[in-house]
Amino acid sequence: MADDLFTPTIAPAAYEARRPPWRPQSLIFPAVFGGPAAVTVLALVNGRRLGVSRPAQLAMLGAGLAGLVARLTITLAIFDEEADRPVRLVGALAGGLVWLAAAATQKRPFRAYELRGGRPASLWLPGLTAVLLLGFAETVLVFLVAGA
Amino acid sequence: MTAPERQLARVAQLLEVNRPEQALTEVDRLPAPLATSPLAFRLRAGALTVLDRWDDVVAVARQGLAEHGPDAELLGRLGLALRHRREHALAERALLDALAIEPQHPWLLCQYADLCSAVGQTDKAERLVARAAAVAPEAPAVFAARFQLAYARGDDRAAERVAREFVGAWPGNPVALALHGVAAAQRGRVGTAHRAFGQAAAHDPTDADYADAAWETRVYAHPLLLPLRPLHRLGIFRTWLLAVGVIVLLTAAGLNLLGGLFALAWMLFCVWSWIAPPLVRRMVLGRWRS
């Protein structure tokens, strides 16, 4: 077992330069302000940039869809009697839980990227765009489903 | 000892007292046969490594290997430099060639472990570090490799523990102090991180990275970012869960006004945590993002 220590295990093309990823920790901001859809899309893009494995990406997508469904169900079901539904709070909570999946699948690849001397890209513009576009689309979706 | 040999010894001494630039000029002044001796190549590559001039390290190491054949130290330096140039597969080749010559060399084992950590192969890195630690448990390279392994695994507690052991074993070592700073910053101990980087810069004023890191932590030690300290200490998610919990509890207890005010304060805090760090960074460093 010990002697695979001295055989090469690093493939030549596996770590070629992609676009710099965002810090996975920072994705919590679009998660809280935008909701599950925003953080899922950003995390999937980031996973691609980090070269995350396919199962991990699928898990991320699954967590995102689950978060979205959970947000819709809880908004409709649990707070049904209350006139003033805490739509935003549930959205932020669902986004935060989806972010946990992003952090779990991307923390280690990002740490390795840092050790390779890589620097994170700025999440400012993409984060704000995702919050405004996807967050808004999701809110519209919630109200459409609630109104139906 | 002949005069040229004395010169070589002097160069080695200059490297030991961390005067790499002077060592380089002295090596270049050596008479012809000595200037291309294996030892001269090692000293040159060593000095260039300290200066982080990776392209030059690669050139010098390759020239030395071409002239004198395989040499574990030159191959090791070549591997380290290639890693910094992000040529990971070539770096692995060089380090494996070096380890074929000296399979128990702790520094070489650690270099290979660092390379494995950097490409995410942490299990292999762990076995390499264990082997190096069995030979030289207190070597700075072993502490540094253990730190990088813990960091690559995302285990900040373990990284902090290793950094503390490192500083305990080598109190004045700038690398130990800098890693202690990195670990403290990861765990949200801003003041400790700032002090550690300051000490590292004081012990090695020639290294720009330590000075940069000390400046960088100055940003987070800024009074305007004082409200964000709990956020750094607890981590974003835990702070956020705590806040949501408080809001829900207050609302459930019927204290709607209090709950609303707290929610508003929390919202402002979130926005502050988003916009304040870049602003303070600009104020302190005079530029956006380093």
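Student: Why is the pair B:Arg93 and B:Asp97 called a salt bridge?

Tutor: The term requires a side-chain nitrogen of Lys or Arg within 4 Å of a carboxyl oxygen of Asp or Glu. In B:Arg93 and B:Asp97 the closest N and O atoms are 3.2 Å apart, and the pair therefore meets that limit. Both residues lie in helix α7 of chain B, four residues apart, which is about one turn of the helix. Please bear in mind that this is a predicted model, in which local features need pLDDT of at least 70 and side-chain atom pairs count only at pLDDT 80 or more, whereas totals for chains, interfaces and linings use all residues. Residues are numbered from 1 along each chain as its sequence is written, chains are lettered from A and ligands numbered from 1 in the order in which they are written, and side-chain values use heavy atoms, with hydrogens and water left out.

Student: What makes B:Arg93 and B:Asp97 partly exposed?

Tutor: The class is set by relative accessible area, found with a 1.4 Å probe on protein chains only: under 20% is buried, over 50% is exposed, and partly exposed is in between. B:Arg93 has 42% and B:Asp97 has 33%, so each of them falls in the middle class.

Student: How do you know that B:Glu160 and B:Arg187 form a salt bridge, and which parts of chain B does the pair tie together?

Tutor: Their side chains meet at 3.0 Å from N to O, which is within the limit and therefore qualifies. B:Glu160 lies in helix α11 of chain B and B:Arg187 in the loop between α12 (174-186) and α13 (190-203), so the pair ties together parts that are 27 residues apart in sequence. B:Glu160 has a relative accessible area of 8% and is therefore buried. Salt bridges that share partners join B:Glu160, B:Arg164, B:Arg187 and B:Arg189 into one network.

Student: Why is B:Asp156 called buried, and which residues is it in contact with?

Tutor: B:Asp156 is found in helix α11 (residues 156-169) of chain B, and its relative accessible area of 14% is under the cut-off, so it counts as buried. Taking contact as heavy atoms within 4.5 Å, and leaving aside neighbours within four places in sequence, B:Asp156 is in contact with A:Lys107, A:Arg111, B:Gln186 and B:Arg187.

Student: What do A:Arg71 and A:Glu138 tie together?

Tutor: A:Arg71 forms a salt bridge with A:Glu138, the closest N and O atoms being 2.6 Å apart. A:Arg71 lies in helix α3 of chain A and A:Glu138 in helix α5, so the bridge links parts that are 67 residues apart in sequence. Both A:Arg71 and A:Glu138 are buried. Over all chains, the count of salt bridges comes to 20.

Student: How do you know that A:Gln57 is buried, and what does it touch?

Tutor: A:Gln57 lies in helix α3 (residues 54-77) of chain A, and its relative accessibility of 14% is under the cut-off, so it counts as buried. Not counting residues up to four places away in sequence, A:Gln57 touches A:Ala43, A:Leu44, A:Gly47, A:Arg48 and A:Val52. In chain A as a whole, 42% of the 148 residues count as buried.

Technical notes
Helix = DSSP H or I, 4+ residues; strand = E, 2+ residues; numbered from the N terminus.
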